Amino acid sequence: MSLKAAAARTLLSIAGRLPLSWLHALGALAGRLLEWRGAREAKVARRNVELAFPALDAAQRDAFVRRTLAETGRTTLELAKVWGLPPARALAYVVDVRGREHFDAALAQGRGLLVAAPHHGAWELLNLYLSTLAPLTILYKAPRGEATESVLNAARGALGAEAVRAEPAGVRLLFRRLREGRVVGILPDQRPKGGEGEDAPFFGHPARTMTLLSRLAEKTGAPVLLAFAQRLPRAQGFRIHFIPAEPEVASPDRVAAVAALNRGIEACVALAPEQYQWTYKRYSFRKPDSGIDPVYGKLRRRAR
């Protein structure tokens, strides 16, 4: 591990000793500062909320954005607990699991299991929890900087999870792991590269969505579950949810398959709407004739 990566791990370990309530309070404050500064994350969140929840009036939309920015801050700061503490101590914050029977039944089929884990709630804690249930392989997009990648992989692999890059060799390995009966975790709402993926409705508007998960499900017959770790109020811990995906998610019709996938993500979001990563440019890649242009890169600072 490089010196920079070692320093980052040390800082996470120190911060991880703070009470979770303190980290969440600091995260909420950081989210408030994003809004006050008119940061890119705040502008993207506002545009996404306008698109996804058009029935909200201006005051309701402002309140929603304020809450989602607070949750974004909490997601970041609580990483000190998830990555900075020994896994057993981090997992002690999981106080409830709903739908575990779906996980057990799907894995018992012996065809491997695909877990679609959206950018929702505490997805890094979910990775740790999944590692306690079965051998896990995680697909990830390589971040910028070797030090960052080293920290990520060390934290995610603390309980033996195998992390593979989102590149051709990594995809081939996912097929092999599923045929071996392992669990494969994928962030299904990660923006596909270039011309990859298909447009499918997401909260009523077309969003470019990956087809990889559907291809894996179709070719291997592996069942698919949606999963996320919901952050409970007042730092009371986290609740894990497992939700069966619609059968159509494995359809050879890729447009129908990714539409089913997005409906599954919507079902997760409905359980804790503000905890979805609305700061992500979910609607960026779209066909020119889609009729809506969120123009994320041209959003102006709000007048004050």
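1. With which residue do the side chains of Arg40 meet in a salt bridge? The partner is Glu41, at 3.7 Å from N to O, where a salt bridge is a side-chain nitrogen of Lys or Arg within 4 Å of a carboxyl oxygen of Asp or Glu. Arg40 is partly exposed at a relative accessible area of 44%, and Glu41 is likewise partly exposed, at 25%; buried here means under 20% relative accessible area, exposed over 50%, and partly exposed in between (1.4 Å probe, protein chains only).

2. A word on the basis of these values. This is a predicted model, in which local features need pLDDT of at least 70 and side-chain atom pairs count only at pLDDT 80 or more, while totals for chains, interfaces and linings use all residues. Residues are numbered from 1 along each chain as its sequence is written, and side-chain values use heavy atoms, with hydrogens and water left out.

3. Salt bridges between parts of the chain. Over the whole structure, 20 salt bridges are found. Arg46 forms one with Asp62, with 2.7 Å between the closest N and O atoms. That pair links distant parts of the chain, since Arg46 is in helix 3 and Asp62 in helix 4, 16 residues apart; helices (H or I, at least four residues) and strands (E, at least two) are DSSP runs numbered from the N terminus. Arg46 is buried, with a relative accessible area of 13%, whereas Asp62 is partly exposed at 21%.

4. Arg263 is partly exposed at 34% relative accessible area, and Glu246 is partly exposed at 30%.

5. Aromatic pairs. Rings of Phe, Tyr and Trp (its six-membered ring) pair if their centres lie within 6.5 Å, with planes under 30 degrees apart counted as stacked, over 60 as edge-to-face and the rest as tilted. By this rule there are 11 aromatic pairs. Phe53 and Trp278 form an edge-to-face pair, 5.5 Å centre to centre with 75 degrees between the planes. Because Phe53 lies in the loop between helix 3 (40-52) and helix 4 (58-77) and Trp278 in the segment after helix 12 (254-271), the pair ties together parts that are 225 residues apart in sequence. Trp278 is buried, at a relative accessible area of 1%.

6. Phe202 and Tyr283 form a tilted aromatic pair, with 6.2 Å from centre to centre and 50 degrees between the planes. Phe202 is in strand 6 (residues 198-202) and Tyr283 in the segment after helix 12, 81 residues apart. Phe202 is buried at 0% relative accessibility, and Tyr283 is buried at 1%. The charged end of Arg282 sits over the ring of Phe202, 4.5 Å from its centre, and that of Arg191 sits over the ring of Tyr280, at 5.6 Å; the rule asks for NZ of Lys or CZ of Arg within 6 Å of the ring centre and within 35 degrees of the ring normal.

7. Covered elements. In strand 3 (residues 136-140), five of the five residues are buried. Leu136, Ile138 and Tyr140 point one way from strand 3, and Thr137 and Leu139 the other way. Strand 3 runs parallel to strand 4 (residues 162-165), with four bridges, and pairs in the parallel sense with strand 5 (residues 183-186) over three bridges; two strands pair if DSSP finds at least two bridges between them. Thr137 stands opposite Glu162 in strand 4, and has Val184 as its bridge partner in strand 5. Helix 8 (residues 123-131) is largely enclosed by the rest of the structure, because nine of its nine residues are buried, including Trp123, Glu124 and Tyr129.
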